[in-house]
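Hi,

Here is the structure I promised to pass on. Have a look at it first, and then read my notes below.

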Amino acid sequence: MNDTVDAVVIGAGVIGSSVALELARGGRKVVVVDKGPSAGAGSTSSSVSIIRFSYSTLDSVLTAWEAAVMWHDWEGHLGVVDPDGMARFVRTGMCIFETPGDGSERIKQLWDDVGIKYTVVSPAGLHDLLPGVDLGCYYPPKLIDDPEFGEDAATELSAILEPESGFIDDPMLAARNLAFAARLHGAQFRFREQVVSIDRRTELGSERVGGVVLASGEVINAPVVVNVGGPHSSLINRMAGVADGMRIRNRPLRQEVFTVTAPSGLRLEDGLPAVTDLDIGQYIRPHIGGTWLVGGTEPECDELHWIDDPDHYEANPTVEQFEVSMMRLARRVPVLGVPHRPVGLAALYDVADDWVPIYDKSDLPGYFMACGTSGNQFKNAPIVGKFMRDIIDAEASGHDHDHHPVQFHGPRTGREINLAAFSRLREKSHTSGTVMG
Ligand SMILES: Cc1cc2nc3c(=O)[nH]c(=O)nc-3n(C[C@H](O)[C@H](O)[C@H](O)COP(=O)(O)OP(=O)(O)OC[C@H]3O[C@@H](n4cnc5c(N)ncnc54)[C@H](O)[C@@H]3O)c2cc1C
């Protein structure tokens with residue numbers, strides 16, 4: 001059976017489902033194809049789903065700040081209540097320890113520019129906010145066999161505290177909510193179907209995308225194909241033959257996230273903010289039920305585990321990484337009860353060369369991509385659907401996004417977000433070069 005639709009979205013993660021919603025809202029007949037069992041079952045299901053605004057570029061800060069209000073009014077954003085339950089935003093605030101190389105001066109400048117409120121908290125103030133936490137400055141993060149690992153700290157850390165950050169309580173449910181809303185606008189979701197090739201056709205003497213071919217042999221014809229394949233997206237770009245036309249590339253990176261019991265006084269219920277701690281190379285995200293999610297911030301001493309085949313990687317956390325993370329964390333939080341065995345998960349980021357996502361067209365007319373989300377774009381999913389729709393609409397009306405970049409008008413700030421910031425052809429952005437973006 002061959003079908004013809006207006007757009008095929010490859011991938012039903014939180015971003016693919018958002019793209020599908022916005023394209024369907026715009027009147028397109030949309031089919032979403034996902035090789036997994038349901039919306040959000042890919043890397044979205046492992047997300048720590050922190051909503052924060054601490055990025056190193058203006059367009060990234062504006063994007064996250066604009067997207068946050070969509071999470072605050074999730075029902076308003078979706079236009080419907082999903083009877084299977086709605087994802088919720090939980091406000092915690094974000095505490096960023098000030099340490100060398102943390103980019104906090106740049107972040108404060110950008111927040112002043114955008115109007116994001118924050119306070120600078122002295123070590124004395126932090127002792128009240130974070131009872132039992134050791135505020136020693138241990139920078140740079142070290143491996144545990146480094147002779148300097150156990151050295152005492154000479155000074156204490158201050159921090160910036162931003163009150164509007166938080167997290168989404170169930171990242172997979174957020175994707176399912178977006179898929180539910182997209183279906184109401186006519187989008188069709190086809191699960192357990194894999195795209196195995198991208199069809200090209202010639203029109204008026206030049207090549208453009210023609211659709212996708214599924215593993216079953218079925219062809220879905222479409223003038224628009226959007227690659228939102230998460231950690232598989234670089235493979236899909238290669239399949240489409242567009243990778244060589246990209247100055248910024250992306251590839252999967254394996255990451256581990258651990259769950260630990262939150263010490264008394266430092267639980268979500270006690271008012272603990274999310275904590276970015278580049279001083280020891282870790283972040284903490286308080287979670288419902290008296291636990292923390294703990295992940296790494298790619299300090300220089302840690303090896304990065306790039307993955308060639310995203311279908312084959314070690315999906316369990318390793319004892320080695322667990323020990324490093326827990327030893328670092330135990331320096332910061334001496335009262336922490338460290339579990340005996342790793343509890344957590346391993347998952348894949350889809351990392352762009354400069355850790356800024358790629359939301360763009362490609363050299364193949366009609367083929368678009370929302371990829372390279374670099375472990376930090378869950379928060380932007382609702383707005384990225386709108387970005388992609390604007391780029392796709394502009395191209396369909398003869399506009400060339402490469403030469404005249406689409407500007408997205410942010411309703412919260414009234415400011416324009418220059419979507420050239422997410423172009424595959426950009427020069428590398430000046431960022432932290434880590435998940436912090
Ligand atoms: C451990 C971890 C922690 C994170 N923490 C945060 C955080 O705190 N805050 C934040 O903002 N972001 C975070 N992120 C990043 C964020 O979760 C991702 O950017 C986001 O979920 C990506 O969504 P997606 O829709 O692009 O991709 P995915 O959810 O990976 O979806 C891609 C889909 O494509 C499908 N697919 C792939 N290839 C094919 C094919 N050939 N045919 C058909 N289907 C295909 C897959 O089955 C999958 O369902 C984190 C990510 C990870 C892994």
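How many bridges join strand S2 to strand S14, and which way do the two run? There are four of them, between residues 7–10 (S2) and residues 224–227 (S14), and the strands run parallel. One of the facing pairs is Ile10 with Asn227 in S14.

Before I go on, two notes on how to read all this. Residue numbers start from 1 along each chain, following the sequence as written. The model is predicted, so local features need pLDDT of at least 70 and side-chain atom pairs count only at pLDDT 80 or more, while totals for chains, interfaces and linings use all residues. As for names, helices (H or I, at least four residues) and strands (E, at least two) are DSSP runs numbered from the N terminus. Strands pair if DSSP finds at least two bridges between them.

The sheet around S2 and S14

S2 and S14 belong to an open sheet of six strands, in the order S10-S3-S2-S14-S22-S21, and the pairing is mixed. At the edges you'll find S10 and strand S21 (358–360), each pairing on one side only. From one strand to the next the twist averages 20°. Angles here run from 0 to 180 degrees between N-to-C directions, with axes as lines fitted to C-alpha atoms, for helices over the stretch in contact.

Helix H1 packs on this sheet and touches S2, strand S3 (30–34), S14 and strand S22 (367–371). Its direction makes about 170° with that of S3. Contact means that the C-beta atoms of two residues, placed from the backbone, lie within 7 Å. Helix H7 lies across S2, S14 and S22, and runs at about 165° to S22.

Helix H6

H6 covers residues 171–184, which makes 14 residues. From first C-alpha to last it reaches 21 Å, close to the 20 Å expected (1.5 Å times one less than the number of residues). Is H6 mostly covered or mostly open? Mostly covered: twelve of its 14 residues are buried. Buried means 20 or more other C-beta atoms within 10 Å of a residue's own, exposed means 12 or fewer, and partly exposed is in between, with C-beta atoms placed from the backbone. Among the buried ones are Pro171, Met172, Arg176 and Phe180. The buried residues pack against helix H1 (14–25), helix H3 (74–78), strand S9 (166–168) and strand S10 (188–191). Just after H6, Gly186 takes a positive phi of about 100°.

Two domains

The chain is divided into domain 1 (3–86 + 170–249 + 354–422) and domain 2 (94–163 + 251–351), with bounds from an automatic or database domain assignment. Their C-alpha centres lie 30 Å apart. Where they meet, 25 residues of domain 1 are in contact with 27 residues of domain 2. On the domain 1 side, the elements giving two or more residues are helix H2 (58–72) and helix H7 (233–240). H2 gives the most, with four residues. That side divides into ten nonpolar, 13 polar and two charged residues. Nonpolar here is Ala, Val, Leu, Ile, Met, Phe, Trp, Tyr, Cys and Pro, charged is Asp, Glu, Lys and Arg, and the others, Gly among them, are polar.

Other strand pairs

Strand S6 (residues 94–97) pairs with strand S8 (residues 159–162) in the antiparallel sense over four bridges, and Cys95 stands opposite Leu161 in S8. S8 is also joined by three bridges to strand S7 (residues 119–121), again antiparallel, with Val121 opposite Ala159.

There is also an open sheet of three strands, ordered S4-S9-S5, with antiparallel pairing. Strand S4 (50–51) and strand S5 (89–91) are at its edges with a single partner strand each, so one side of each has no neighbour in the sheet. Two bridges join S4 to S9, and Ile50 has Phe167 as its bridge partner in S9.

Two loop residues

His401 is in the loop between helix H9 (381–396) and strand S23 (407–409). Why is His401 partly exposed? Because it has 19 C-beta neighbours inside 10 Å. Leaving out residues up to four places away in sequence, His401 touches Lys361, Ile391, Ala394, Glu395 and Val406.

Thr155 sits in the loop between helix H5 (123–129) and S8. Thr155 counts as exposed because 10 other C-beta atoms lie within 10 Å. Thr155 and Tyr138 are 17 residues apart in sequence and 8.7 Å apart in space, C-alpha to C-alpha.

Cheers
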